[in-house]
Amino acid sequence: MKNFIKRVRRAPWTFKQPLTAVPEDKKTKISDLFVWRNSDDWKSSFELLNIAYLFGECGIFQVDIVFFDAEGSVFFEKTIELFNGDRQTLNISKILEDNFKAGVVGEFGTFAVFHRNTPDTVVKFNSFVAERGYVSYCYRGSLLSSYVHGNLDSIGKIDQNYVLLGGTSLLKRDYNLQYQLLPGCECDIALTNPCSKPQKVTIKTFSFNDGRIIEVFYSKINSRAAIMYALKGISQPCRISIESRMIMARPIIFINKGDNMDVFHG
């Protein structure tokens with residue numbers, strides 16, 4: 001009886017609410033929704049590995065890079081060829097600057113990386129190739145970059161069609177940032193929407209000492225899109241909570257202090 005009551009109580013939070021959906025078509029290629037930044041202060045790169053080669057496949061393999069703007073619209077696609085164990089560091093900012101005039105696509109957005117070749121081993125186990133690699137960010141021309149990996153299986157591509165894989169909840173959920181913000185730093189919170197419909201989000205900043213609400217930010221994120229919330233003038237220790245119907249509203253956090261920067265998942 002206790003287990004039954006427990007399952008009933010959990011039902012509004014778990015019933016048909018997976019973290020990510022499994023594509024119906026086994027030919028679907030899967031990627032995270034990575035965040036690109038490109039401005040006077042920010043440059044982005046991506047570490048591209050030949051996943052097929054890691055499974056023993058040899059030859060020339062093609063990878064499709066698809067760029068979305070901050071509203072979730074496709075504005076550029078590029079195909080990269082990898083030979084056997086090739087590893088390439090893609091200068092995302094240079095790719096954008098070489099193909100578009102300054103200011104046309106904004107200062108941030110998302111991109112996805114789809115590997116065309118699915119190794120036989122992956123097919124054998126009825127699975128998919130998913131790109132969850134590393135994006136690096138350079139701040140104010142620093143010689144060092146900070147890296148963050150993919151968050152979750154977000155988007156699939158089959159032929160020229162896209163399918164969003166992020167799960168949504170029947171009820172609103174709070175995602176509590178696992179980090180204490182301290183005075184003297186500035187914080188940019190990037191959040192993507194891997195769900196099939198636009199999502200409303202509320203970002204709340206609380207005093208770490210007494211729980212008082214310091215600031216509230218409201219926004220809506222289109223599918224495949226991203227928002228960037230800048231929290232400046234932090235004068236006391238505080239914490240962040242993100243309210244939405246996304247199962248995993250896990251952001252990317254950029255912390256700046258002077259010319260120093262770090263990036264990580266919250």
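How many Å separate the centres of domain 1 and domain 2, taken over C-alpha atoms? In this predicted model, the two centres are 24 Å apart. The close-up views below begin with the two domains and continue with individual spaces, elements and residues.

**View 1. The two domains and their contacts.** The domain assignment divides the chain into domain 1, residues 29-164, and domain 2, residues 168-265. Contacts join 27 residues of domain 1 to 27 residues of domain 2.

View 2. The model contains 3 cavities of 30 Å³ or more, and the largest cavity has a volume of about 130 Å³. Its lining comprises 19 residues, among which D32, L33, N151, T192 and R250 lie nearest the centre of the cavity. Two or more lining residues come from each of β2 (34-37), β9 (134-139), β10 (146-149) and β14 (186-192). Strand β14 makes the greatest contribution to this lining, with 3 residues. Sorted by class, the lining of the largest cavity consists of 12 nonpolar, 5 polar and 2 charged residues. Because domain 1 and domain 2 both give residues to the lining, the largest cavity lies between them.

**View 3. The largest pocket and its lining.** The largest pocket holds about 260 Å³ of space. It is lined by 14 residues, and K172, P198, Q199, K200 and R245 are the closest to its centre. At least two lining residues are supplied by each of β13 (168-176), β15 (199-207), β16 (213-221) and β18 (238-246). Strand β15 gives the most to the lining of this pocket, with 4 residues. The lining of the largest pocket has 3 nonpolar, 6 polar and 5 charged residues.

**View 4. Helix α3 and its buried side.** Helix α3 spans residues 92-99, and I92, S93, I95 and L96 are buried within it. These residues lie on the same side of α3, because they cover an arc of only 160° around the axis. An α-helix has 3.6 residues a turn, so residues three or four places apart point the same way. The packing partners of the buried residues of α3 are β2, β3 (42-49), β4 (60-68), β5, β6 (87-91) and β7 (108-115).

**View 5. K94, a partly exposed residue of α3.** K94 also belongs to helix α3. With a relative accessibility of 43%, K94 falls between the limits of 20% and 50% and therefore counts as partly exposed. The C-alpha atoms of K94 and I213 are 40 Å apart in space, and the two residues are 119 residues apart in sequence.

**View 6. L82, a buried residue of strand β5.** L82 is part of strand β5, which covers residues 74-83. Its relative accessibility is 1%, so L82 counts as buried, the limit for this class being under 20%. Beyond its neighbours within four places in sequence, L82 is in contact with L48, L49, N50, G59, I60, F61, V63 and Q88. A distance of 6.2 Å separates the C-alpha atoms of L82 and Q62, which are 20 residues apart along the chain.

Definitions and conventions. Residues numbered from 1 in each chain as written. Predicted model: local features only at pLDDT ≥ 70, side-chain atom pairs only at ≥ 80, totals over all residues. Heavy atoms only, no water. Buried < 20%, exposed > 50% of the residue type's maximum accessible area, 1.4 Å probe, protein only. Contact = heavy atoms within 4.5 Å. 1 Å grid on protein atoms, 1.4 Å probe; cavity = no way out; pocket = protein on both sides within 12 Å on 5 of 7 lines; lining within 4 Å. Points joined across faces, edges and corners; volume = space filled by probe spheres on them. Nonpolar A, V, L, I, M, F, W, Y, C, P; charged D, E, K, R; others polar. Domains from an automatic or database assignment. Arc of directions from axis to C-beta.
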